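Please read the following note beside the sequence and the model. The points are brief and are meant to be followed in order.

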Amino acid sequence: MRPAAFRNFLLLASSLLFAGLSAVPQSFSPSLRSATGAACRLSRAESERRCRAPGQPPGGALCHGRGRCDCGVCICHVNEPGVYFGPLCECHEWVCETYDGTTCAGTCHCGRCKCDNPDGNGLVYGKFCECDDRECIDDETEEICGGHGKCYCGNCYCGSGWHGDKCEFQCDITPWESKRRCTSPDGKICSNRGTCVCGECSCHDVDPTGDWGDIHGDTCECDERDCRAVYDRYSDDFCSGHGQCNCGRCDCKVGWYGKKCEHPRSCPLSAEESIRKCQGSSDLPCSGRGKCECGKCTCYPPGDRRVYGKTCECDDRRCEDLDGTVCGGHGTCSCGRCVCERGWFGELCQHPRKCNMTEEQSKSLCESADGILCSGKGSCHCGKCLCSAEEWYISGELCDCDDRDCDKHDGLICTGNGICNCGNCECWDGWNGNACEIWLGTEYP
């Protein structure tokens, strides 16, 4: 190299070092200028092309708008030491700040976070190295999420049938059964207000006091906030003070109506007279199947023609079995009672009068595990147990269930809004709760 050219190279290298540049383009050559102060040997277009980021069209910003182009080389602005650097002034340290205002969890390299993974397993990642999947490693098995789930940004998402922070616990029921138990009447898992863990919903409690909370219910279907005119978590002013909050719906006192019981209703009858008219021959107003207002019953569910009568005394849902078949397909329903066709009998017309099996065959189908016929509480007919009529509460295929075990509300088993199935209430559409006492259908009229 000639002495003059070598001297020029040293001068240029010194200026670049002083400016805080970390590198220069490989295409740069000190021979682009024949001498100090001499004209650039590159055309203007070629010089600008070298100072422009790849992919940028002609006319785009040179040196990322953070420096000036000198014969194909970017001379970065140095207002603060180290702020802008790189061959095209593309690097600036403060890009490595994260969403929470701190620097990246790894090493800041040319404005990007380079995550520290000494083992080369790639468990630390993210734009700001904010994700650390090492948090998902089970201490005992040393597997990610115990081998029963997947880790996303340090959190385990467990596979079906597993739960826990590290998916270390297994459910004792099938995933299908777990989902079924957590499904709310509207078809959503925990009403989209909770988390399903092994068939039980853990509701998102918005009440900071740690008490019962505003969201509750077996499937988080109840939200008491809906009963307040203006939601205030520290106030107990439900239903405008004129009703009772029932799973997020206001059950207004006599003389009041509205979604929040905010409107007074005029009635010429006294409260006692109104209830007496709604009672009729029943022990409960509207037979426990409706709402009494000024001596008139509104049957629930609203619009369901199966519940009717002046005092809601007729409930044709009682003619249906758990599958919804009316009178077993062998009769007609009249005010909640089955009228069976010839050749059939039973509360739901479920038993044929003629039997095509021997007595031994019939009895073998009626024996319980201990060998007792119909659990000693009924008689056997054609392989089916006929439970004792004297003990009205005995039910079940082998007369082994006690309907008194079903929850009551207002003195009625399953509140009259469901069927007692071996100690558990099977609620009809629109009703929920242990005793089917909670109405979740359309709003009260």
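**Note on the predicted model**

1. The model under review is predicted. Its largest pocket has a volume of about 1,600 Å³. The lining of this pocket is formed by 42 residues, and those closest to the pocket centre are Glu347, Leu348, Gln350, Ser395 and Gly396.

2. Sorted by class, the lining comprises 20 nonpolar, 13 polar and 9 charged residues.

3. According to an unreviewed UniProt entry, the annotation "domain: Epidermal growth factor-like" covers residues 136–167, 236–261, 278–312, 319–349 and 406–436. In the span 136–167, the chain is 0% helix and 31% strand, with its end C-alpha atoms 9 Å apart. In the span 278–312, the chain is 6% helix and 29% strand, and the end C-alpha atoms are 9 Å apart.

4. The count of aromatic pairs is 1. This pair joins tyrosine 152 and tyrosine 157, whose ring centres are 5.5 Å apart. Their planes stand at 65 degrees, and an angle over 60 counts as edge-to-face, so the pair is placed in that class.

5. Is tyrosine 152 buried, partly exposed or exposed? Its relative accessibility is 48%, so tyrosine 152 counts as partly exposed.

Technical notes: Residues are numbered from 1 along each chain as its sequence is written. This is a predicted model: local features need pLDDT of at least 70, side-chain atom pairs count only at pLDDT 80 or more; totals for chains, interfaces and linings use all residues. Side-chain values use heavy atoms; hydrogens and water are left out. UniProt positions are given in the numbering used here, feature names are shortened, and annotations may be inferred rather than shown by experiment. Helices (H or I, at least four residues) and strands (E, at least two) are DSSP runs, numbered from the N terminus. On a 1 Å grid over the protein atoms alone, a cavity is a set of points where a 1.4 Å probe fits but cannot get out, and a pocket is an open set with protein on both sides within 12 Å along at least five of seven lines; lining residues have an atom within 4 Å of a point. Grid points are joined across faces, edges and corners, and a volume is the space filled by probe spheres set on the points. Ala, Val, Leu, Ile, Met, Phe, Trp, Tyr, Cys and Pro count as nonpolar, Asp, Glu, Lys and Arg as charged, and the others, Gly among them, as polar. Rings of Phe, Tyr and Trp (its six-membered ring) pair if their centres lie within 6.5 Å; planes under 30 degrees apart count as stacked, over 60 as edge-to-face and the rest as tilted. Buried means under 20% relative accessible area, exposed over 50%, partly exposed in between (1.4 Å probe, protein chains only).
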